[in-house]
Amino acid sequence: MQITPIATTHSCFTEKFGIPRQPLLADASRAAIELLPPYDDPEAVSGLEQHSHLWLTWQFHQVAGQWSPKVRPPRLGGNKKLGVFATRSPFRPNNIGLSVVRLIEVRTHPKVELIVAGADLLQGTPILDIKPYIPYADSVPDAVSELAESAPPATTVHIPQAITQTAQGYRDDWGTDLAALITQVLAQDPKPAYQQPDPQRIYGMALCGFNLQWRYQDGAIQVVGLSPLPNERETTGEEK
């Protein structure tokens, strides 16, 4: 079986650390799904604008070829193992991911691309398929997940006014609200669940071409820095 990517992802997330662990948890995130030849035909996306949300099938391209029968889900604190097929771990036999995203705009010029919100996708993620989300068929109101009944509680995020002003001055072609995105991403507490925060430790991640830095204080997250990266392709790592 051979599968060829139909599109590539241009994302506000340029490194794995800090990406929301599930889609739609950070609606302020933005991504452009650019269709690749020969699939970049405007006729291929005709009618897609009639749907508010999409299913994206994609590949965990930075862990391709790696898998384990048992993994440690972050939701369980990273200390308990479950079968890989009982989780959404990227370390899967075929490294395939599935995300539902909100469709903002369908663009057909100068290239065919879909602008989406709430994507949990890394820059360069290969897209394998795109399908419309159909509410009557795809929504299951009485579905049960004993391990993850609801989203994790949000962590309080404090952003100094000066950093908020810097974020509010950010502009891109997707309409990203960087101040809101910072709050939504950090409210999910990106650090490993098993790790006890040290108030003296500074964490950092690349976000929208900036180096975002924060520390943990009194059970909350305090943003301490937002500076332009010297090269948007560089990654800052988990800790600075």
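# A tour by selection

Start with L54: its bridge partner in β6 is V101. The model is predicted: local features need pLDDT of at least 70 and side-chain atom pairs pLDDT 80 or more, while totals for chains, interfaces and linings use all residues. Residues are numbered from 1 along each chain as its sequence is written, and side-chain values use heavy atoms, leaving out hydrogens and water.

**Stop 1: β3, β6 and β7.** Select residues 53-59 and 96-107. These are β3 and β6, paired antiparallel over seven bridges; pairing requires at least two DSSP bridges between the strands. Five residues separate β6 and β7 in their hairpin. Zoom in on that loop, where P110 sits. The peptide bond from H109 to P110 is cis, with omega near 5°.

**Stop 2: another cis bond.** Go to the loop between β2 (30-35) and β3, where P38 is found. P37 and P38 are joined by a cis peptide bond, omega about 5°.

**Stop 3: positive phi.** Select L24, in the loop between β1 (7-11) and β2. L24 is not a glycine, yet its phi is positive, about 70°. Its relative accessible area is 36%, which makes L24 partly exposed (buried is under 20%, exposed over 50%, partly exposed in between; 1.4 Å probe, protein chains only). Jump to D218, in the loop between β11 and β12. D218 also has a positive phi without being glycine, near 50°. At 83% relative accessible area, D218 is exposed.

**Stop 4: helix α2.** Select 161-168. I163, T164 and A167 are buried. Look down the axis: the buried residues fall within an arc of 105°, so they line one face of α2 (the arc is that of the directions from the helix axis to the C-beta atoms). Turn to the other side for Q161 and A162, which are exposed. Show α3 (178-186) and β12 (220-228), which are among the elements covering the buried residues of α2.

**Stop 5: the loop to α3.** G175 lies between α2 and α3. G175 is exposed, with a relative accessible area of 53%. Draw a distance from G175 to Y194: 35 Å between C-alphas, for 19 residues in sequence.

**Stop 6: helix α3.** Color L178, A179, L181, I182, V185 and L186, which are buried. Their arc is 165°, so they line one face of α3. The cover over these residues includes β9 (157-158), α2, β10 (203-207), β11 (210-217) and β12.

**Stop 7: confidence.** Color by pLDDT (the predictor's confidence in each residue, from 0 to 100). The average is 91, and 95% of the residues score at least 70. Select 233-240: pLDDT stays under 50 there, and the model has 29 contacts beyond four places in sequence for this stretch (contact means heavy atoms within 4.5 Å).

**Last stop: zoom out.** Three helices and twelve strands make up the count. The C-alpha trace spans about 55 × 45 × 35 Å along its principal axes. Of the 240 residues, 42% count as buried. Among contacts with a separation of 6 or more, 72% join residues 24 or more positions apart.

Conventions: Helices (H or I, at least four residues) and strands (E, at least two) are DSSP runs, numbered from the N terminus.
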